[in-house]
Structures are given as C-alpha cells and as structure tokens.
Amino acid sequence: MKPTKVIFKVKNLSKSYPGNENHYTLKDINLDITQGSTIALIGESGSGKSTFLNILSGLEPPTSGEVQFNNVSIWNSTEKERALIRRNELAIIFQSFNLINSLTVWQNIGFHARLSGKWDSDLAEQLIETAGLKNLLNRYPDQISGGEQQRVAILRAIIAKPKVLFADEPTGNLDDQNSKVIIKMLLDMINSIGATLLVATHSKAFASKLDIKLKLKDGKLKSS
C-alpha cells in the first residue's frame, strides 16, 4: 500500500494575468497530493496545465491562494528558499527538454544531482543502462535524437532523487514509438525511487497508466 502522507496542499488557488484580471486561468483550486502518488493533469491547450505546474514548483506566483510543500508555504517563502526547494526536493521535465547544449550527455545527466549533492554513481550507471544511453555519453544534445534528448532529461531529473517530479508534456514532441518507450522508462524509474509524479499530458495512453486523473477546464480542477 502506498503511503498517504500529504506532500502538497493547494488551498483556494487562483491565477489571472495583468490586463485580463477578470479572466481566471485557474480558479479556487483545492487539492491534496499524497506522497508516492502518480497524477495525470489533462485538459485542452491553454487550459492552465503548465501554469499549475509552474505555481506548484515555485516558478510562477499565484494571484491568490496558497501552496504548501511539506507544510512549508512556497509563496510565503523567499526566492532563495524556493530555489533551494526546487534544487533539493523537486525536479522538472520540460517538453522542450531544456538540456544545456554546451555540456555532454554525461554532464547533463549529472547536472542536477551534483548541484544538490545527491550524485549516486551506482544509480547513474543502472539508469543509463536502462535508458540505452551508454554509447551516447560523450555526445552533445544537438548530436542525438529528440527521443534520446528526452531520455537524458528524464535521467537528469530522476538521478537527483526528487521527492516530487513534475513533467510538462514529456511526450509532446515525440512520435508514438518513442512516446511508449519514454512512458515506460519514466514510470519504472519513478517507482524505483518512490517519487510523487505530476504529469501534464494530452496522451490518453500515458494518463491511463497513472493513479489519478485530473482535468482542468474553465479554470476548475475536477476528477476525470
């Protein structure tokens, strides 16, 4: 049985943007996220999925409401405190990969873990083998395929052993075959470290493999 400790608590969360204050991208959202759960966040393009992930991960402030991570209010913390939470407790996988082009695959994989002091050589070796990247470690991001770049981005996040992993359309730029590989690899790796996973996705195949499915529509979050 998975643990039921609440790791994220979202209270009355709303988000609007300057110049359009009467339109709420997110409106009065309340949500408890338990440790070890896997959650699919679905909704049409422009429904606020990326905004929601950005607010929870401390990258973008809400207009009102509160986000608590392990009983710490993220948006009542300083930017330095939020940066430390992101570095030490969270990881984010972006649709556009966000690899560092001047670093090799090997250097990109270790970047987050070394920064947070969580580098684990044995885990790295195991996951690199699983991801099929062993022969690509000395290459640069522009020398490998999109599917391979996404594997590197996933490994960079997982090797840092985050408590929570956010993934924003991680298969959005991939074909069906690469998407299947990425989904299986990501879920296997998440299970191996016991992290909480929150994924914004259009993929019904991906969403069907997660514990909880939530839908964003008209600023509201509902079970799907």
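So, how do the axes of helix α5 and α6 cross, and within what distance do they come? First, some housekeeping. This is a predicted model, where local features need pLDDT of at least 70, side-chain atom pairs count only at pLDDT 80 or more, and totals for chains, interfaces and linings use all residues. Residues are numbered from 1 along each chain as its sequence is written, and side-chain values use heavy atoms, with hydrogens and water left out.

Okay, the helices. The axes of α5 (residues 146–159) and α6 come within 11 Å and cross at roughly 10°. Axes here are lines fitted to C-alpha atoms, for helices over the stretch in contact, with angles from 0 to 180 degrees between N-to-C directions. That makes α5 and α6 roughly parallel, the label for angles under 35 degrees. Helices are DSSP runs of H or I, at least four residues, and strands are E runs of at least two, numbered from the N terminus. On the α5 side, the contact (heavy atoms within 4.5 Å) includes Gln150 and Ile154, and on the α6 side Ile182 and Met185.

Now Thr171, which sits in the loop between β7 (164–168) and α6 (176–193). Thr171 is buried at 8% relative accessible area, where buried means under 20% with a 1.4 Å probe, protein chains only. Beyond neighbours within four places in sequence, Thr171 touches Gln150, Ser179, Ile182, Ile183, Ser203 and Phe206.

Last stop, the sheet. Four strands form an open sheet in the order β2-β1-β4-β5, with antiparallel pairing; pairing takes at least two DSSP bridges between two strands. β2 (20–34) and β5 (72–73) are at the edges, each with a single partner strand, so one side of each has no neighbour in the sheet.

Methods. Buried < 20%, exposed > 50% of the residue type's maximum accessible area, 1.4 Å probe, protein only. Parallel < 35°, antiparallel > 145°, perpendicular 65-115°, else oblique.
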